[in-house]
Amino acid sequence: MPRVHLVQSLTEPVIVNMESSQDYVISPNASYQQDIRYIFKPGNWILGSIGIWPVAIRGIGRHAFKIAIVLCNFALAFAIIPCVLHMVYDQKDLNIRLKLFGLLGFCTTAMMKYCVLTIRRPKILRCIEHVKSDWWQVKFNSDREVMLKYATTGRRLSMISATSMYIAGFIYHTVLPFCTEHKVDNQTIRPLVYPTYSKFFKTQASPIYEMVYVAHYLCGYTMYSVTAGSCGLAAIFATHACGQIEVIISRLEDLSRGKSFEQLSDVNQRVALIVKSHVRILRFSAAVQEILQEVCLLEFASSIFTMCLPEYYCIVDWQDSDTVGLTTYFLLFVSFCFNMYILCYIGEQLVQKSGQIGTRCFMIRWYQLPVNSIRSLVLVIAMSSHPIKISAGRMIDLSLATFGNVLKTSLAYLSFLRTLVV
């Protein structure tokens, strides 16, 4: 039998495996592996396919994420650069230019978010390990149920975001190009999702057309995966922080009795554990904020300037009785709205939940505690007076009020666009 040495710490056992790396210390949470798979499965599938999420592959496969990052960036550049040149030099129709402008805006934003996620990948991995560590240390079934409730909310938000983005993207890349007539000099041409510059190469000849079409499909998959994956990642991390805050609140309510504190009979030790858990959440939230600030800023800016374009396309297709185009752009608009709503919703939840800690400190039976323990709670109340927030580039705090402002601003730009075009 392989020898495994255990070192007990305040947080969790550390394994020093002398002969085999396959042996692990058993977690206090009997359902640890099942819970982790349940929480991270959407992110693993979406972000793992584009090289952001860690995938357990050994041997040469451990470099698969680097290959995925290179291929996805190449597909994005392969679609964006020729499309820009086509819009500038080849295309003269104003309505088509507007459609290409919205497409390029979304592509460019997705590429920038992908670059940010790639740069922040090591910190994303540390946050993932932080979440795993919190689930590893769960000892009470009541705590697991609370954490699982919030984790289910984050998982559902991730799946709804991914489903809406992929459905709209599939229709845009597969159905819409073939339902639109493409003619040049009275000759019907085979459609492409992203038009290419006429001076580069002859895209209508086989097998160049098939290769370009596959590259465009990969570009679309990358864009929708980045958009849905970043929102899903924010939802998973934010709902986990909300679950941990709820656990702290339950500890505060049980501070005088001590039923939820294993082998801690001293009230001061219980308060110290609560403060330590609160500090851990604050550090985790700061790390999440650092990861998501650029992504949220890009999502906020693109929502303001590009959400008005699908609205305009819906109006144009409605007037032209183009059912396929109307359906496609309406689904894209809904998916854009929902992604922005996810970020604003979780920002609102974090502010409300983190502010509840100070309120609960005052509402518990603090008058039954020793004087020194009561003084220790003052620090918790002071820290909770500055609630956890998710901001867009540390400039704009994301909340439901921010989402309403985004919608109003996009409608204002729509009115300006209609006046300008007409």
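A residue counts as buried when its relative accessible area is under 20%, as exposed when that area is over 50%, and as partly exposed in between (1.4 Å probe, protein chains only). By this definition Ser-321 is exposed, with a relative accessible area of 62%. The model is predicted, so local features need pLDDT of at least 70 and side-chain atom pairs count only at pLDDT 80 or more, while totals for chains, interfaces and linings use all residues. Residues are numbered from 1 along each chain as its sequence is written, and side-chain values use heavy atoms, with hydrogens and water left out.

**The chain as a whole**
- The protein chain contains eleven helices and six strands; helices (H or I, at least four residues) and strands (E, at least two) are DSSP runs, numbered from the N terminus.
- Of its 422 residues, 47% count as buried.
- Among contacts (heavy atoms within 4.5 Å) in the protein chain with a separation of 6 or more, 75% join residues 24 or more positions apart.

**Helices α5 and α9**
- The axes of α5 (residues 141-175) and α9 (residues 323-363) come within 9 Å and cross at roughly 160°; axes are lines fitted to C-alpha atoms, for helices over the stretch in contact, and angles run from 0 to 180 degrees between N-to-C directions.
- The two helices α5 and α9 are therefore roughly antiparallel to each other, a term for angles over 145 degrees.
- The contact of α5 with α9 has 18 nonpolar, five polar and one charged residues; Ala, Val, Leu, Ile, Met, Phe, Trp, Tyr, Cys and Pro count as nonpolar, Asp, Glu, Lys and Arg as charged, and the others, Gly among them, as polar.

**Helices α7 and α11**
- The axes of α7 (residues 267-306) and α11 (residues 400-421) cross at roughly 35° and come within 7 Å.
- On the α7 side, Phe-300, Ser-303, Ile-304 and Phe-305 meet Thr-402, Val-406, Thr-409, Ser-410 and Tyr-413 of α11.
- By class, this contact of α7 with α11 has five nonpolar, four polar and no charged residues.

**A buried serine**
- Ser-225 belongs to helix α6 (residues 208-253) and is buried, with a relative accessible area of 0%.
- Apart from neighbours within four places in sequence, Ser-225 is in contact with Ile-46, Leu-47, Ile-50, Tyr-166 and Ser-230.

**Loop residues with positive phi**
- Ser-321 lies in the loop between α8 (308-319) and α9, and its phi is near 60°, a positive value in a residue other than glycine.
- Arg-394 is found in the loop between β5 (391-392) and β6 (396-397); its phi is positive, about 60°, although it is not a glycine.
- Arg-394 counts as exposed, at 57% relative accessibility.

Definitions and conventions
Parallel < 35°, antiparallel > 145°, perpendicular 65-115°, else oblique.
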